[in-house]
Amino acid sequence: MFLSVTEDLVRRRAEHNNCEIFSLEEISLHQQEIEKLEHLDKWCRDLKILYLQNNLIPKIENVSKLKKLEYLNVALNNIERIENLEGCEELKKLDLTANFIGELSSIESLKCNIHLKELFLMGNPCTEFEGYRQFVVATLQQLKYLDSKEIERSERIKALQDYPEVQWKIREQEEAYLLKRAREKEEAQRRMQEKKDEKQKQMDSKLGLILCSPDSPQEKPNQAEADGEQERCRTVENYDDDEDRKFWEEPTPYTPESRLETHRYIEEKTETVFILELFLVVVIRLHFSLKDDEENNQIILDLAVYRHLDTSLLDGDVQPAYIRVLVKGKPFQLVLPEEVKPDSSSAKRSQTTGHLVVTMPKVCKIGDITQRSLNVVSTLGMSPREVVNPPSLEIGQVEKLEVDPSKYSFPDVAKIVQEKERTGQGPIKFQPQKVTEAKKSSDDFENNEDVPPLI
């Protein structure tokens, strides 16, 4: 997996600066398995102190814009040459301890860093070259300390006097080292391909052992099946132990490739364990049967757990859409075909076979849903009596909604408010108001024309 510097990582490491990265002056990104140095020169222009030790960085890059950088720590990485630091104008301290720098002449790029006072190169192949210290002291005259040791004035004078001869020796040893590195890279590629093929074979063998489970629980007693299962797990563990022992005991040269290979091995080992655990959950699954009991409106799960397995090692969880059972901590999960009622579900062990039987009542039948939906539709346009006693409707029958105007009368919304008779033909001219003859409410009623009508 290729890891680089991410914004989320930088913000998490900038807690002391309220997670603000643009004004950040110091950050520690050590032991983050970073394989590429990038983005910091864009996000953190004000950085003064940068810790990147114990990562997998193969090259110094993308730091040239950090003009205020004073201290850079890239110890314990895979760096092979010193480069791309000319833009760090304020650099005072550079720690390159325990890297793979064999091209010692690359330190000449540090001549531009006039403020550089301390340099650490301990643990690099170049420190084994004859005349290493004299060459560095004579090349970088601004240095005050090299590998934590102060550079005396007399030492610098002596190094400058012997510089031509020392420089020739360093160049010669560099060429030999670079040839050696070329052979190591070819050997590392060959070994990597061989190990890749071997790992594939081992993985196939592991999966083959896992798949050698019986086809049905009736082929052998349940106790024997459990013993066989444990034996297969022990065999897989033995494969893993042998592989680990072979990897860690095999002598290999200390190179950037071997260090990266170790990291990859640990990473793949973790992923392999995780994948095998998932595979065990799926492949070494217990036999089961799922029955849809339509007569009792319920779903029944019959899980063939081991007969002699203690019930305390079983744990079940029923949800409306799925069921999960933990058998000795390993999950068995199944998606249900219909929605069930978790509160009304029940689980019990069979006294004869030891199987776990889970009964899950369904929320409702599909036929009930269809019938209810059709009944709701059929009530539209019915009389109140027909709604109370709806006519029989077969499932799958389609009823059309029809309205007969002669049978049903609907009020005219436009005539809800009665229109008053107009008493005039305009706002100025009026006509005499028409007086409607009052109906006699009784025989004794007398119509007196002198009495004005009641409004």
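## Strand pairing and the sheet

Two strands pair if DSSP finds at least two bridges between them. Strands (E, at least two residues) and helices (H or I, at least four) are DSSP runs, numbered from the N terminus. This is a predicted model, in which local features need pLDDT of at least 70 and side-chain atom pairs count only at pLDDT 80 or more, while totals for chains, interfaces and linings use all residues. Residues are numbered from 1 along each chain as its sequence is written, and side-chain values use heavy atoms, with hydrogens and water left out.

The open sheet has 7 strands in the order S1-S2-S3-S4-S5-S6-S7, with mixed pairing. Its edge strands, S1 (26–28) and S7 (149–150), each pair on one side only. S5 and S6 (residues 145–146) run parallel and are joined by 2 bridges. Leu119 stands opposite Leu146 in S6.

## Asn113

Asn113 lies in the loop between strand S4 (93–95) and strand S5 (118–120). Asn113 counts as buried because its relative accessibility is 0% (buried means under 20% relative accessible area, with a 1.4 Å probe and protein chains only). Apart from neighbours within four places in sequence, Asn113 is in contact (heavy atoms within 4.5 Å) with Leu85, Glu86, Cys88, Leu91 and Gln142.

## Helices H3 and H4

H3 (residues 132–139) and H4 (residues 153–161) pack at an angle of about 95°, with their axes 8 Å apart. H3 is therefore roughly perpendicular to H4 (65 to 115 degrees). Axes are lines fitted to C-alpha atoms over the stretch in contact, and angles run from 0 to 180 degrees between N-to-C directions.

Arg133, Gln134, Val137 and Ala138 in H3 meet Glu155, Arg156, Ala159 and Leu160 in H4. By class, this contact has 4 nonpolar, 1 polar and 3 charged residues (Ala, Val, Leu, Ile, Met, Phe, Trp, Tyr, Cys and Pro count as nonpolar, Asp, Glu, Lys and Arg as charged, and the others, Gly among them, as polar).

Conventions
Parallel < 35°, antiparallel > 145°, perpendicular 65-115°, else oblique. Buried < 20%, exposed > 50% of the residue type's maximum accessible area, 1.4 Å probe, protein only.
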